[in-house]
Amino acid sequence: MNDITTIAGRLDATGLKIAVVAARFNDFIVNRLVDGAIDYLERHGLDRANITLVRVPGAFELPLVCQKLAQGGAHDGILALGAVIRGDTPHFDYVCAEAVKGLAHIMLAHNTALGFGVLTCDTIEQAIARAGSKAGNKGAEAAAAMLETIRVLERL
Ligand code: INI
């Protein structure tokens, strides 16, 4: 691979300003994602003083608030965290669809690295497994993806 120009992002959060937007709905899960994300970012050099945590009611509200933050341009990256858990009605499908569609649109419309840390689970057990237990912590994983994207964008 020596002859190939490779552009990759360093996992170094030193000097960055990050907004974490977290849903209150299912907060016993989402708080674990927030903890995992902040722990990851701090361990990769981010100063706690450079983290802004914004709370929103549910995953459906994540896109609007992330959009406002992206428009403001004060942050190098935005991390959206939430947990949508299937219930007895199709509500789950609508909330998930709008969250992912809205967040993907913001990332492209504003050229902003946006970590997608929204769990979409059929059961509470699946959510628990992904919020700091046997399936890892998806908040930390989303933080890692956001960080890598910030750094790769800087090099393009
Ligand atoms: N919001 C979530 O973040 N997770 C869910 O599981 C969820 N369910 O299942 O209803 C949920 N609904 C609330 C939604 O995000 C909005 O806050 C609400 O509809 C008001 O706009």
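Predicted model: local features only at pLDDT ≥ 70, side-chain atom pairs only at ≥ 80, totals over all residues.

For Ala59 I noted a backbone N or O atom 2.8 Å from a ligand oxygen atom. For Ile85 I noted a polar backbone atom 3.0 Å from an oxygen atom of the ligand. I then looked up the areas: the ligand taken alone exposes 460 Å², and the protein buries 76% of that.

Next I listed the residues around the ligand: Phe25, Asn26, Gly58, Ala59, Phe60, Glu61, Ala83, Val84, Ile85, His91 and Val95. Which element gives the most to this shell? I found that strand 3 does, with three residues. Strand 3 spans 77-85, and helix 3, spanning 91-110, also supplies at least two residues of the shell. I checked the pockets as well, and the ligand takes up the space of the largest pocket.

**Ala135**

I then turned to Ala135 and placed it in the loop between strand 5 (131-133) and strand 6 (136-137). Is Ala135 buried, partly exposed or exposed? I noted a relative accessible area of 28%, so Ala135 is partly exposed. Leaving out residues up to four places away in sequence, I found that Ala135 touches Ala129, Arg130 and Glu141. I also took the C-alpha separation of Ala135 and Leu108, which is 29 Å, with the two residues 27 apart along the chain.

Conventions:
Residues numbered from 1 in each chain as written. Heavy atoms only, no water. Helix = DSSP H or I, 4+ residues; strand = E, 2+ residues; numbered from the N terminus. Buried < 20%, exposed > 50% of the residue type's maximum accessible area, 1.4 Å probe, protein only. Contact = heavy atoms within 4.5 Å. Near = heavy atom within 4 Å. Polar contact = N/O pair within 3.5 Å; in protein donor to acceptor, adjacent residues only side chain to side chain. Areas by Shrake-Rupley, 256 points an atom, 1.4 Å probe, with all protein chains shown as cover. 1 Å grid on protein atoms, 1.4 Å probe; cavity = no way out; pocket = protein on both sides within 12 Å on 5 of 7 lines; lining within 4 Å. Sits in = over half its atoms within 2 Å of the grid points.
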